[in-house]
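Colleague: I am new to this structure. Please walk me through its features one at a time.

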Amino acid sequence: MVCAFCGCDCDDISVTVEGDRITQARNACSLGKAWFLSHGKPPDLPAARIDGRPASLEQGIETAAHCLTQARYPFIYGLSSTSCEAQRKSVALAEVLGGCVDCCTSVCHGPSGIATQGVGEPTCTLGEVKNRADLVIYWGSNPGESHPRHMARYAVTAKGMFVPEGRKGRTVVLVDVRRTPTARAADIFLQIRPGKDFEALWALQALVKGQKLDDAGVEGTGLKLEQLTDLAGRMMRCKFGVLFLGQGLTQTRGKHFNTSAAFLLVRSLHRHTKFALMPMRGHGNVAGIDNVLSWQTGYPFGVNFSLGYPRFNPGEFTVVDALSRGEADAALIVASDPVSSLPGKAARRLAEIPTISLDTHESETTRIARVAFTTCTAGIHVEGTVYRMDNIPIRLRKVLPSPYPSDEEVLDRLLTRSRELKAC
Ligand code: SF4
């Protein structure tokens with residue numbers, strides 16, 4: 001079985017099913033166990049609710065399709081915890097509606113997507129990390145808590161073909177603004193000053209390119225010149241290095257300038273050795289929606305179809321901006337809870353406009369939704385495809401039956417009905 005809770009998408013889980021419940025999930029971490037064991041007894045919810053009252057699926061589809069087709073600026077958001085099959089339907093629906101489609105990437109690793117578009121992403125697979133990496137750097141990431149098996153399964157203690165000693169064969173560096181639990185697993189911890197990632201990455205790039213720096217050149221980063229010189233030396237001398245980027249880099253001051261600096265640093269290192277970089281993607285299939293959107297529209301998030309063709313403009317077609325400015329006048333939220341996670345102004349806008357939600361359980365967003373569909377979980381109740389954080393597709397299996405439709409099924413019906421209404 002595959003655990004689709006976080007971006008590691010561990011595919012070595014074996015589960016025990018008793019009756020309608022999963023009672024054991026061997027190999028899963030505490031987060032994965034909680035995810036598997038929380039499924040079983042279906043939530044006590046109807047398949048659809050309209051204004052909080054139970055409704056049939058057909059009534060829900062009809063009302064939702066009318067809300068979306070009558071809107072001038074319908075906005076589709078979420079999509080990071082559902083299957084690629086459902087994501088494809090969402091993109092098709094956005095095109096039919098002439099609206100926007102955005103995903104959780106815009107509030108987590110959007111800056112990595114922008115850097116990819118701007119300077120190219122020098123990346124690899126987690127299999128290459130496991131088998132080859134002798135230098136592992138986590139920057140602004142705390143996998144010890146956010147991706148509990150990342151270090152054991154892929155990057156630190158795992159034994160690989162060219163790293164047969166496992167942990168002993170690797171040097172692990174953590175760069176962060178505070179000493180997180182991940183620091184215990186690191187050989188070197190560098191405490192950087194908040195908001196100074198760009199300066200530190202740029203100084204590292206200068207050192208890798210052989211430029212002479214003095215203390216004044218790194219002043220303010222919180223790091224000493226000797227520390228950065230030592231790290232640059234290790235990066236150039238390693239056989240295969242990898243830099244894992246977390247939200248400490250993407251969602252702090254500098255955003256896509258930080259990620260572009262990291263990408264350019266790794267590119268500079270290719271004059272000396274083999275080096276790669278990988279964003280630490282959070283949700284189980286957030287890499288999937290980036291891939292689906294990219295192969296269908298050319299852009300990884302924040303895509304607008306109002307002119308009949310896809311346009312990409314972070315800051316204009318992204319969820320926080322379109323909602324905070326009051327532009328979106330209807331919303332379809334798939335497998336996400338933006339009311340509890342987005343800034344107040346954007347969240348409040350969702351309560352003002354007709355919002356349609358698809359989720360497996362009750363949430364703040366389903367509570368304010370005009371139409372709330374209850375759906376089953378991809379990877380538990382229905383098969384599907386997810387993309388791991390290194391963009392490797394993995395097939396999900398079904399282990400339990402569910403009385404609820406899948407996200408894909410609801411979106412397919414919404415798409416069909418919206419096409420009919422648009423044709424009218
Ligand atoms: S690391 Fe992530 S994918 Fe792996 S078992 Fe834990 S929660 Fe699931």
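Modeller: Start with strand 8 (residues 171–176) and strand 9: they pair in the parallel sense over four bridges. Val 175 stands opposite Leu 190 in strand 9. This is a predicted model, where local features need pLDDT of at least 70, side-chain atom pairs count only at pLDDT 80 or more, and totals for chains, interfaces and linings use all residues. Residues are numbered from 1 along each chain as its sequence is written, and side-chain values use heavy atoms, with hydrogens and water left out.

Colleague: What counts as a strand, and when do two strands pair?

Modeller: Strands (E, at least two residues) and helices (H or I, at least four) are DSSP runs, numbered from the N terminus. Two strands pair if DSSP finds at least two bridges between them.

Colleague: In what order do the five strands of the open sheet lie?

Modeller: The order is 9-8-7-10-11, with parallel pairing. Strand 9 (188–191) and strand 11 (274–279) each have a single partner strand, so one side of each is left without a neighbour in the sheet. From one strand to the next, the twist averages 15°. Angles run from 0 to 180 degrees between N-to-C directions, with axes fitted to C-alpha atoms, for helices over the stretch in contact.

Colleague: Which helix lies across strand 10 and strand 11?

Modeller: Helix 12 (residues 256–269) does, running at about 160° to strand 11.

Colleague: Where is the hairpin?

Modeller: Strand 1 and strand 2 form it, with two residues between them. Gly 19 in the turn has a positive phi of about 65°. Five bridges join strand 1 (residues 14–18) to strand 2 (residues 21–26), and the two run antiparallel. Ser 14 stands opposite Arg 26.

Colleague: Which residues are around the ligand?

Modeller: Count a residue if one of its heavy atoms lies within 4 Å of the molecule. Among them are Cys 3, Cys 6, Cys 8, Cys 10, Cys 29 and Arg 149.

Notes
Contact = heavy atoms within 4.5 Å.
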